[in-house]
Amino acid sequence: MPLRNAGRFFRKSLRQPLYAARVLAKRGRSYIDYAIRDGKSAYPESVTLFLTHRCNLRCRMCGQAHYTGPELSMDNLKAIVDDLSSFHPNITLFGGEPMLHEGCMELIKYIKGKGIHCLMITNALLVEDRAKDIVESGLDELNVSLDGDAGIHDVIRGMPGAFNKIMAGLKKIKAIKSETKSSKPLVNLQCTITKYNYKNLESLLRVASEAGANSLTFHNLIFLDRETLARQKDCDKVLGCSSDDWEGFAFEPEIDPQVLHEKIEKILSDSYPFAVDLYPNFSRRELIGYYANPEAGSGGPSSKACLSPWIAAYIFPDGEVKPCLNFSYTFGNIMKERFTELWNNDKAVRFRSFLKKRKAFPACCHCTELFRY
């Protein structure tokens, strides 16, 4: 684990010690496999289920393509969970907006019935109407995307009134947890740093307090330039895949890293009744390099290696199992083969082996997953 993430992991382990211990054990096995096995790995620490591509927002900084298309049925999803339960990964529900999938609440209960840690990433617009179900489902963590106070958040998310709707839902979760004396779900606010909000990040401290949040994390922006995308095409040809989904992240960040660093340092210098983190937790020099250097992270032989495909997996609404969010490369389809059969098949080993030789692909340079493991 990178030293920059150790503090964040330690704080999380205090809130969820058994979960943290399992994560550490699984991650350690994956690190060893990365070092000594040629492209094969122990079953992943985490699996993200993208329940839908549909979304009820159109956020300014979001590079995801939101569209309708095939979605896994509840029977399909339960069969996937049954297979995953053989090695108990942490399961994250994501989208689009995962609560737009009609089986979302039922799926959470099914996952928890298997004794598996479950986290949901949501824009929280639907939380108010489902607050009771969310608490009763046993969901471990509710990660809510917030960009600032009402004025900032609603502009970025493109929906007047969105902030007040979200806060009403979070306050309802807080009240139900208090009434039922439940510690779950942990509420984690996630703020993506953008040109629209980086000068006003402190506004979220009050928001986190009012929402009864357990943590607040400021996420550095994911972005790329056109030259990097062009160089990525050479890797695409070797792997026989496309990286077109990265196109939505091709833009200038327009963030002054000096100003951002001063803002973050001031925020982190104080104490709060909730955990506050920057992710990735860059030093001043690293932060400036990240935003100023188009190739930061994968610029040469000493650049950081991407270990994510040894530790995490992504299952998309059409059933494709992928090692990365924004490549079309797939290990296969969950509708045809079980996950446990796909994880170390020939396509998976080929992808990991090629990535290990390169350490990272050009498009990895500003993907925050590069700095997670």
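Among contacts in the chain between residues at least 6 apart in sequence, what percentage join residues at least 24 apart? The figure is 75%. This is a predicted model.

Start with the overall build. The chain holds 14 helices and 10 strands. Along the principal axes, the C-alpha atoms fill a box of roughly 50 × 50 × 40 Å.

Next, the inside and the surface. Of the 373 residues, 55% count as buried. The chain exposes about 15,700 Å². Carbon and sulfur atoms supply 52% of that area. As for charge, there are 51 positive and 44 negative side chains. The centres of these two sets lie 4 Å apart.

Now turn to one helix, α11, which spans residues 284-292. Leu287, Tyr290 and Tyr291 are buried there. Why do they sit on the same side of α11? They cover an arc of only 85° around the axis, and that puts them on one side. The spacing fits a general rule. An α-helix has 3.6 residues a turn, so residues three or four places apart point the same way.

What do the buried residues of α11 pack against? Their partner is α10, residues 257-268. The face of α11 turned away from the buried side carries Arg285 and Ala292, both exposed.

Methods: Residues are numbered from 1 along each chain as its sequence is written. This is a predicted model: local features need pLDDT of at least 70, side-chain atom pairs count only at pLDDT 80 or more; totals for chains, interfaces and linings use all residues. Side-chain values use heavy atoms; hydrogens and water are left out. Helices (H or I, at least four residues) and strands (E, at least two) are DSSP runs, numbered from the N terminus. Buried means under 20% relative accessible area, exposed over 50%, partly exposed in between (1.4 Å probe, protein chains only). Contact means heavy atoms within 4.5 Å. Accessible areas come from the Shrake-Rupley method with a 1.4 Å probe; for residues, only the protein chains shown count as cover. Lys and Arg count as positive and Asp and Glu as negative; His and the chain ends are not counted. The place of a charge is taken as NZ of Lys, CZ of Arg, CG of Asp or CD of Glu. The arc is that of the directions from the helix axis to the C-beta atoms.
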